[in-house]
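This report describes a structural model, with attention to its helices, its charged pairs and its surface. Please keep the sequence and the structure in view while reading.

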Amino acid sequence: MKSNEEWIEAYKKGDIEAFNMLYHNLYEMLYCFLFRYTREEQLSMDIVHDTFERLQKTLHSYDVEKGTVKSYLFQIAYRLLINKLNRRKKWHSFLPFLVPTSNTQFSTDEKLAVQEAIAKLPEKQRGVILLTYYHDLPQEDIAQILSIPIGTVKSRLYNAIQFLKNELKEDFHAEG
Amino acid sequence: MLKDEFDKEPSLQKRLDEYEVKVPQSLAHFKTNRWLRFVEYLASPTKDPLEQVHSSSSGFTAMQIVPIASAVFITILQLLIH
């Protein structure tokens, strides 16, 4: 079975099926990251598509020696996400009713608690914890994706863990 | 690995593991049709701009009266001008 890096090399050589394979391998992972970050289904879906469109356009600027395809796509997706959120904040100040309501998928109280806790995290810490815990990315990749120094990744992770522990404190006590 | 930091926090790990995401079926195929995506955006739920007005009974009554009162006012205004 080929790796994502091999698929992208094949796509560079004109193999359209290689692009479909890349999409198939990576769209779920990107969607999960975006959804956990925003809790908005439509926005997350749009950014997944935009990310792969951007990959098609910037294909030749991808260098396998600089990082994995997975990190490269996360980097594109995160930048698109931040741009969209910033643009939305501007629109929201002019026309508050144009901002779509979030389409949340709560099913149980426990899930609700952890979703709420992650949503409450400051944006800078949210990205770090999602990429670390759910996508198991190395520190260097996270630093590259979020465009922050490596040392900042660790400090933000520490702060995020403390924040979540504090937010979910009552749940832990109820459990114990 | 950075994820090892969570090994010291088993309760937090358990909670984080509960956060599963259901990926929409429609995402399974890459769509290049921007028009279709724009239509989906238009069809997505938005906040009701008059929610605060019609959520109270007085606000709802005002919503019914204001157009009629405005029509009467404009009619009177036109009659006075002519």
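This is a predicted model: local features need pLDDT of at least 70, side-chain atom pairs count only at pLDDT 80 or more; totals for chains, interfaces and linings use all residues.

Lys165(A), at 25% relative accessibility, counts as partly exposed.

## Overall build of chain A

Of its 176 residues, 49% count as buried, and chain A exposes about 8900 Å², of which carbon and sulfur atoms supply 52%. When contacts in chain A between residues at least 6 apart in sequence are considered, 65% of them join residues at least 24 apart.

Over all chains, the count comes to eight salt bridges. Side chains of opposite charge can pair when their charged atoms come close. In one of these bridges, Arg39(A) is joined to Glu116(A), with the closest N and O atoms 3.7 Å apart. Because Arg39(A) lies in the loop between α2 (16-38) and α3 (41-57) of chain A and Glu116(A) in helix α5 (residues 109-120) of chain A, the pair ties together parts that are 77 residues apart in sequence. Arg39(A) is buried, with a relative accessible area of 15%, whereas Glu116(A) is partly exposed at 31%. The backbone of Arg39(A) also deserves a look, as the residue has a positive phi of about 60 degrees although it is not a glycine.

A further salt bridge involves Glu40(A), whose side chain meets that of Arg88(A) at 2.6 Å, N to O. This pair likewise links distant parts of the chain, with Arg88(A) in helix α4 (residues 69-94) of chain A and Glu40(A) in the loop between α2 and α3 of chain A, 48 residues apart. Arg88(A) counts as buried at 18% relative accessibility, and Glu40(A) is buried with a relative accessible area of 12%.

## Helix packing against α8 of chain A

Helix α6 (residues 123-134) and helix α8 (residues 150-167), both of chain A, have axes that come within 8 Å and cross at roughly 95 degrees. The two helices are therefore roughly perpendicular to each other, as angles of 65 to 115 degrees are placed in that class. On the α6(A) side the contact is made by Lys124(A), Gln125(A), Val128(A), Ile129(A) and Thr132(A), and on the α8(A) side the residues include Val153(A), Arg156(A), Leu157(A), Phe163(A) and Leu164(A).

Helix α7(A) also packs with α8(A), at an angle of about 95 degrees and with the axes 8 Å apart, and α7(A) and α8(A) are therefore roughly perpendicular to each other. Here Gln139(A), Glu140(A), Ile142(A) and Ala143(A) of α7(A) meet Ile150(A), Val153(A) and Lys154(A) of α8(A).

## Loops on either side of α7 in chain A

Asp136(A) is placed in the loop between α6 and α7 (139-146) of chain A, and this residue is partly exposed, with a relative accessible area of 37%. When residues up to four places away in sequence are not counted, Asp136(A) touches Leu131(A) as well as Met1(B) and Lys3(B).

Ser147(A) lies in the loop between α7 and α8 of chain A, where it has a positive phi of about 55 degrees although it is not a glycine. With a relative accessibility of 53%, Ser147(A) counts as exposed.

## A nonpolar patch on chain B

Which residues make a nonpolar surface patch of about 550 Å²? The patch is made by Trp35(B), Phe38(B), Val39(B), Tyr41(B) and Leu42(B). Of these residues, Trp35(B) lies in helix α2 (residues 34-43) of chain B, and at 60% relative accessibility Trp35(B) counts as exposed, because the cut-off for that class is over 50%.

Methods. Residues are numbered from 1 along each chain as its sequence is written. Chains are lettered from A and ligands numbered from 1 in the order in which they are written. Side-chain values use heavy atoms; hydrogens and water are left out. Patches are made of residues with over 30% relative accessible area and no salt bridge: like charges are joined within 9 Å, nonpolar side chains (Val, Leu, Ile, Met, Phe, Trp, Tyr) within 5 Å. Accessible areas come from the Shrake-Rupley method with a 1.4 Å probe; for residues, only the protein chains shown count as cover. A salt bridge is a side-chain nitrogen of Lys or Arg within 4 Å of a carboxyl oxygen of Asp or Glu. Helices (H or I, at least four residues) and strands (E, at least two) are DSSP runs, numbered from the N terminus. Buried means under 20% relative accessible area, exposed over 50%, partly exposed in between (1.4 Å probe, protein chains only). Axes are lines fitted to C-alpha atoms, for helices over the stretch in contact, and angles run from 0 to 180 degrees between N-to-C directions. Angles under 35 degrees count as roughly parallel, over 145 as roughly antiparallel, 65 to 115 as roughly perpendicular and the rest as oblique. Contact means heavy atoms within 4.5 Å.
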